[in-house]
Number of protein chains: 2
Amino acid sequence: MENFEIYNPVKAYFGRDVIQNLAQEIKSRGNRILLIYGKGSIKQNGIYDAVMEQININGSEVFEYSGIKPNPLIEDVRAAVSLGKSKEVDLVLAVGGGSVIDSAKVTAIGIAGDADPWEYVKGKETPHGAVPLIAVLTLAATGTEMNCFAVVQDSATNEKIGFGYPPMYPAVSFLDPAYTISVSAEYTSFGITDLIAHALEAYFGRGDASLSDRFVFGIIKEALEYGPQLMNDLTNYDLRARIMYAATMALNNLTAYGRKSGDWGVHSIGHVLSVLYDVPHGASLSIAYPAWLRLHKDRSADRIIQLGKNLFDVSTVDETIKQLEDFFTSIGSPIRLSQTSYGDYSESKIIDTFRSNKVSGMHHRLSGEDHNRLVEIML
Amino acid sequence: MENFEIYNPVKAYFGRDVIQNLAQEIKSRGNRILLIYGKGSIKQNGIYDAVMEQININGSEVFEYSGIKPNPLIEDVRAAVSLGKSKEVDLVLAVGGGSVIDSAKVTAIGIAGDADPWEYVKGKETPHGAVPLIAVLTLAATGTEMNCFAVVQDSATNEKIGFGYPPMYPAVSFLDPAYTISVSAEYTSFGITDLIAHALEAYFGRGDASLSDRFVFGIIKEALEYGPQLMNDLTNYDLRARIMYAATMALNNLTAYGRKSGDWGVHSIGHVLSVLYDVPHGASLSIAYPAWLRLHKDRSADRIIQLGKNLFDVSTVDETIKQLEDFFTSIGSPIRLSQTSYGDYSESKIIDTFRSNKVSGMHHRLSGEDHNRLVEIML
């Protein structure tokens with residue numbers, strides 16, 4: 001086992017009607033709120049009203065920035081930072097899924113600093129802390145509600161970049177499974193894929209961390225058991241709760257402790273599909289993971305077999321990959337680009353972007369030849 | 001799933017030589033330190049010197065209270081509180097195992113308040129916060145390094161009581177597996193038993209929390225796999241590390257999320273054995289758990305069978321209990337009082353103390369008839 005630091009300061013309220021604690025949590029942190037959300041679905045399903053009711057209890061001033069895209073853009077972050085600075089906000093409140101909360105995280109460091117926020121994301125400028133962030137989650141998927149990571153993209157340069165910074169931990173997160181009940185079948189499925197992919201990125205990282213491996217298996221088995229049930233019963237609160245909790249635990253450091261690093265090569269691949277063709281993040285991962293596993297069937301045979309044994313009670317690499325593909329297919333998440341129509345896919349364009357973005361993993365490095373093979377399998 | 005709150009603010013440094021971060025962590029928190037430890041083994045194995053070296057970097061003033069017993073006494077806490085108050089300390093530094101850290105936790109609230117500390121433990125007075133606490137762990141067992149619970153006893157009244165209070169979370173904990181290498185075979189075994197018992201107390205609590213159950217299985221399987229290896233190789237750093245990390249995760253809230261409560265009836269039983277005969281905590285649990293499971297073989301058959309299936313791949317209650325007993329025996333932890341010689345056990349005295357202390361679980365209530373049967377099985 002590697003040396004590591006256990007730390008996660010997020011306070012997360014989980015369960016039905018937990019939004020009732022929002023007013024008191026706002027009160028101790030700020031009085032001028034930048035409210036960030038997406039394309040407005042929260043105005044249809046009542047979440048916006050519930051949040052505003054809490055804000056009004058304190059009589060806080062609130063300024064809204066909406067319109068965050070599913071694959072979030074640095075342009076929106078820049079605009080949100082400008083609004084937040086001009087209104088001198090002291091708290092950012094994000095209401096949405098991963099794209100909204102990730103944008104809010106970068107906005108929170110943008111407001112606290114002077115540089116262009118993209119420079120922080122790219123690691124070219126060091127941030128100077130963040131204004132406090134409270135998150136209200138409406139989609140079970142990315143785990144951003146309980147970690148200090150954010151992923152945003154710059155469509156102008158075809159870059160989609162993830163980075164981590166401890167002041168970006170939300171101070172408080174609100175996780176009400178009922179808030180995810182209106183999520184479509186498609187995005188519910190992509191969320192399940194996303195949480196599985198997060199656990200796998202840790203598992204295929206560097207270092208020998210047996211208990212963290214067991215947590216990976218537990219989280220994925222939870223998704224394998226309750227994911228398909230949820231797909232058949234989308235309004236079931238209890239099933240929404242199990243998937244929501246699994247998604248949170250899949251990327252809140254728990255699966256990482258004791259490792260030198262995760263791998264994150266598959267995310268790096270998926271990000272290229274998203275930035276080029278706006279492929280939803282979860283869909284990009286159910287396409288990229290089987291391809292990555294096929295590429296590593298000899299290089300990581302032992303780890304893949306251990307995974308298959310623990311998740312599916314199978315004993316070969318091929319059976320493990322097949323089981324994972326069948327699972328993604330069963331919940332409606334694509335496993336090949338050819339099953340989707342997000343764009344007019346160009347093999348050479350994808351490969352070129354793999355190269356220009358230096359697509360690779362932190363543990364398993366990907367060569368140019370690997371890039372070619374991956375695209376071949378994914379198409 | 002029940003509503004719940006995810007929260008654990010402890011920062012824990014895990015790994016070799018992490019003590020090197022102690023000076024900087026002290027610096028931001030205090031300058032007048034109450035150092036609490038046990039009977040002085042830390043002076044033989046070099047840990048005391050390593051800690052003092054860090055304290056001296058800041059030039060902090062340090063006042064020592066030593067002599068904490070393995071089953072910690074409220075008398076010692078009272079004396080430590082007096083010392084801390086008279087020296088106006090602003091930080092408590094605990095160096096030891098569960099008994100030392102638990103005593104330090106109660107000392108930290110005692111210093112911050114005015115009441116007799118036993119009144120806080122008994123829930124008769126509300127504490128008013130705590131001075132900050134830093135823990136340096138020397139025994140893998142209780143998990144106290146990453147939770148806000150403490151257990152102390154009053155030998156005068158034969159009470160051993162556990163309680164929780166959020167300001168008792170250590171601010172920082174230092175977990176160096178090398179610091180546990182000099183722990184005897186006996187106490188290493190008791191530590192493994194303790195961590196398994198903690199995971200089981202969560203599992204047999206109230207509420208349906210499937211992912212937390214999976215974490216329970218993962219933690220116990222880690223102990224089942226590496227515990228026996230460690231017993232055969234006590235100076236192996238890597239095995240010490242795996243057990244130390246499992247013990248921390250077994251009682252840091254992770255196994256509790258989504259449940260209404262744990263059970264803790266077995267701890268309540270074990271505490272009576274400790275307070276009457278000074279039975280080491282871990283030994284009391286390896287004796288009490290099989291007895292408790294036999295008592296619940298019909299009442300909780302489904303849960304016991306699910307446990308057996310996941311841990312031992314067996315399918316009956318009897319086989320599950322047998323496997324657990326065989327495991328405890330294999331690592332040298334007793335499963336019957338008759339295998340031990342901590343005292344001249346009196347069936348009626350144990351039963352009387354069960355009754356006077358209202359020994360029961362929070363989920364599975366224990367009747368007077370249950371008390372009789374438990375003692376019969378344990379003897």
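In the predicted model described here, the two domains of chain A meet through a contact in which 22 residues of domain 1 face 29 residues of domain 2. On the side of domain 1 of chain A that touches domain 2 of chain A, the elements giving two or more residues are the strands β1 (4-14) and β7 (159-164) of chain A, and the largest share, three residues, comes from β7(A). By class, this side of domain 1 of chain A is made up of 10 nonpolar, nine polar and three charged residues. Domain 1 of chain A covers residues 11-180, and domain 2 of chain A covers residues 185-378; the centres of the two domains, taken over C-alpha atoms, are separated by 26 Å.

Helix α7 of chain A comprises residues 185-203. The 19 residues of α7(A) reach 27 Å from the first C-alpha to the last, close to the 27 Å expected at 1.5 Å a residue. Of these 19 residues, 17 are buried, so that α7(A) is largely enclosed by the rest of the structure.

The relation between the two chains was examined next. Chain B can be laid on chain A with an RMSD of 0.0 Å by a turn of 180°, with a shift of 0.0 Å along the axis, and that is the relation of a two-fold axis. The same surface serves both copies, in that 100% of the contact residues of chain B recur in chain A. Among the residues of chain B, B:Pro9 comes closest to the rotation axis, its C-alpha lying at 2.5 Å.

In the contact between the chains, 31 residues of chain B are in contact with 31 residues of chain A. On the side of chain B that touches chain A, at least two residues each are supplied by β1 (4-14), α8 (210-231) and α9 (237-249) of chain B, and β1(B) gives the most, with 10 residues. The class composition of this side of chain B is 16 nonpolar, six polar and nine charged residues.

The largest nonpolar core of the model has 260 residues, and those with the most contacts inside this core are A:Ile36, A:Val92, A:Ala94, B:Ile36, B:Val92 and B:Ala94. Leaving aside residues up to four places away in sequence, B:Ala94 touches B:Ile36, B:Val100, B:Ile101, B:Ala104, B:Leu133, B:Ala135 and B:Val136. With the same exclusion of residues up to four places away in sequence, B:Val136 touches B:Ile19, B:Val51, B:Ala94, B:Val95 and B:Phe174. B:Val136 and B:Lys43, which are 93 residues apart in sequence, are 14 Å apart in space, C-alpha to C-alpha.

Helix α10 of chain B (residues 265-277) has 13 residues, which at 1.5 Å a residue should span 18 Å, and the end C-alpha atoms of α10(B) are 19 Å apart, which agrees. As 11 of its 13 residues are buried, α10(B) is largely enclosed by the rest of the structure. The buried residues of α10(B) include B:Gly265, B:His267, B:Ile269, B:His271 and B:Leu273, and the buried residues of this helix pack against β6 (149-154), β7 (159-164), α7 (185-203), α11 (281-295), α14 (347-356) and α15 (368-378) of chain B.

B:Asn158, although not a glycine, has a positive phi of about 55° and is placed in the loop between β6 and β7 of chain B. B:Asn158 is partly exposed, with 16 other C-beta atoms within 10 Å. In chain A, the phi of A:Asp313 is near 55°, again a positive value in a residue other than glycine, and A:Asp313 lies in the loop between α12 (301-312) and α13 (317-331) of chain A. A:Asp313 counts as exposed, because 9 C-beta neighbours are found inside 10 Å, and a residue with 12 or fewer falls in that class.

Terms used. Residues numbered from 1 in each chain as written. Chains lettered and ligands numbered in written order. Predicted model: local features only at pLDDT ≥ 70, side-chain atom pairs only at ≥ 80, totals over all residues. Core = buried A, V, L, I, M, F, W, Y, C linked by C-beta atoms within 7 Å. Buried ≥ 20, exposed ≤ 12 C-beta atoms within 10 Å, placed from the backbone. Contact = placed C-beta atoms within 7 Å. Least-squares fit on C-alpha atoms with pLDDT ≥ 70 in both. Domains from an automatic or database assignment. Helix = DSSP H or I, 4+ residues; strand = E, 2+ residues; numbered from the N terminus. Nonpolar A, V, L, I, M, F, W, Y, C, P; charged D, E, K, R; others polar. Expected span 1.5 Å × (residues − 1).
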